[in-house]
Amino acid sequence: MFLTDRKLILVLTSVVVSVFQSATAEEPDKNTATLRSAFKDDFLVGVALNTAQVDGRNANAGEIAARQFSALTPENDMKWQSLHPQPDRYDFKGADAYADFAEKHGMALIGHNLIWHSQTPRWVFQGADGKPATREELLKRMEDHIHTVVGHFKGKVKGWDVVNEALSDGGPDLLRDSPWRKIIGDDFLDHAFRFAREADPQAELYYNDYGLENERKRANCVKLIKGMLERKVPIDGIGTQSHFNLNQPSPGEIEKTIQAFADLGLKVMITELDVDILPGRGPQGNADINRREQADPAANPYTGGFPDDMQEKLARRYAEIFGIYLKHRRSITRVTFWGLDDGTSWLNGFPIRGRTNHPLLIDRQLKPKPAFFSVLKAGMESPAK
Ligand code: G3I
């Protein structure tokens with residue numbers, strides 16, 4: 001390839017813009033440049049979608065997602081509160097739409113998630129007479145939920161985030177003091193993974209968390225998973241969510257995390273990638289959904305658009321990140337973006353509500369950004385080619 005980087009990006013831009021505009025999702029042309037084809041010999045490239053993007057209400061977004069991505073994670077609709085809102089009531093209607101969409105478009109479906117401290121109804125942790133549930137009651141509830149949900153999607157889900165965000169963000173304890181841990185004890189993870197394996201022996205089982213590029217949390221994660229492996233708990237992979245910003249974490253820390261998990265002999269997945277471009281004051285990389293920062297107009301500078309110099313910065317950051325992923329392509333099985341486009345990103349509401357963020361590869365008008373082309377270019381120049 002004798003084209004300069006800028007010329008190559010211009011060529012890619014014209015090909016892909018026409019793909020975004022004219023082609024139909026049902027007939028993806030394997031010769032045109034898409035993320036899913038560019039990385040097909042490296043790893044799956046996934047996207048988290050919402051209901052309107054898979055049920056036809058936002059058809060344009062759905063077509064772009066199907067064309068560009070080879071894996072799909074429901075952003076919210078497989079969480080406990082969506083699937084199992086009341087003790088005797090499961091509701092699979094919303095989540096089934098994702099399974100249909102994934103099947104129709106040849107995308108791997110990722111189940112997110114089975115056990116989390118957030119988005120879980122209060123009744124789950126309550127026993128009789130308003131008292132907290134006992135260990136036995138909660139284990140039984142966990143078993144029923146996992147068997148029913150994993151059983152329902154058996155053969156349709158490639159892998160499950162079995163336990164999400166169990167590690168603490170500080171203090172002496174390895175685990176977060178969630179209701180799961182308080183009521184069942186530290187072995188709640190072992191039980192969750194065993195129930196999931198019983199329900200679908202073919203599905204891959206993952207531990208998923210954020211901030212694993214932090215030295216303390218990475219070491220704790222390794223300790224946690226080593227213990228599980230020693231106890232013969234069935235686990236196949238670790239998902240590092242990867243809610244990054246423009247400067248942090250450093251390339252070195254990103255790489256150390258991938259290597260540390262690969263050294264455990266497990267599959268490594270990047271499960272929720274995005275790059276926050278807005279100013280932040282709190283602990284970077286801490287994606288705890290309950291964390292809030294004080295609103296301030298200075299913290300929301302790009303309401304009128306995303307300037308060229310920032311587009312370039314974001315494109316370079318994504319190129320840096322994908323350079324690392326490609327270097328570790330033999331350990332990484334999937335890289336999933338947390339959202340299709342800037343307009344639907346959770347980062348417009350976190351850690352301050354109502355801001356205008358620009359963290360993804362596709363903008364609010366569903367047009368590819370320079371960052372899209374820098375990632376595409378990385379894929380087209382992958383060592384696998
Ligand atoms: O569905 C209701 C809607 O009926 C209501 O009108 C609206 C009003 O606020 O809220 C809607 O629910 C929101 C839901 O997203 C769907 O949009 C919840 O309030 C909101 O808390 C929820 O946020 C999600 C968050 O997880 C909590 O579940 C984000 O979209 C989702 O991106 C985020 O994803 C998490 C991963 O699961 C785990 N890792 C961190 C990641 C980012 O926090």
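A nitrogen atom of the ligand sits 3.0 Å from an N or O atom in the side chain of Gln241. This is a predicted model, in which local features need pLDDT of at least 70, side-chain atom pairs count only at pLDDT 80 or more, and totals for chains, interfaces and linings use all residues. Residues are numbered from 1 along each chain as its sequence is written, and side-chain values use heavy atoms, with hydrogens and water left out.

**Ligand surroundings**

The ligand is surrounded by 14 residues. A residue is near a molecule if one of its heavy atoms lies within 4 Å of it. Glu75, Lys79, His112, Glu165 and Glu272 are the closest.

| Residue | Ligand atom | Distance |
|---|---|---|
| Glu75 | oxygen | 2.4 Å |
| Asn76 | oxygen | 3.0 Å |
| Gln241 | nitrogen | 3.0 Å |

A polar contact is a pair of N or O atoms within 3.5 Å; within protein, one must be able to donate a hydrogen and the other to accept it, and residues adjacent in sequence count only if both atoms are side-chain atoms.

**Backbone details**

His112 is joined to Asn113 by a cis peptide bond, with omega near -5°. Asn113 belongs to strand S3, residues 108–115. Helices (H or I, at least four residues) and strands (E, at least two) are DSSP runs, numbered from the N terminus. The bond from Gln248 to Pro249 is also cis, with omega near -5°. Pro249 lies in the loop between strand S7 (243–245) and helix H11 (251–262). Gln119 is not a glycine, yet its phi is positive, about 55°. Its place is the loop between S3 and helix H7 (135–152).

**Domain interface**

The domain assignment, which is automatic or from a database, gives domain 1 (1–45 + 52–69 + 311–385) and domain 2 (70–240). Their contact (heavy atoms within 4.5 Å) takes 17 residues from domain 1 and 16 residues from domain 2. Interface size is often given as the accessible area lost when parts come together. Here the two domains bury about 1,300 Å² between them, 61% of it on carbon and sulfur atoms. That area is computed with a 1.4 Å probe and summed over both parts. On the domain 1 side, Val54, Arg334 and Trp338 lose the most area to domain 2, together 42% of what that side buries.

How many salt bridges cross the interface of domain 1 and domain 2? The rule (a side-chain nitrogen of Lys or Arg within 4 Å of a carboxyl oxygen of Asp or Glu) finds zero. Four residue pairs are in polar contact between the domains, both residues at pLDDT 80 or more. H4 supplies the largest share of the domain 1 side, four residues.
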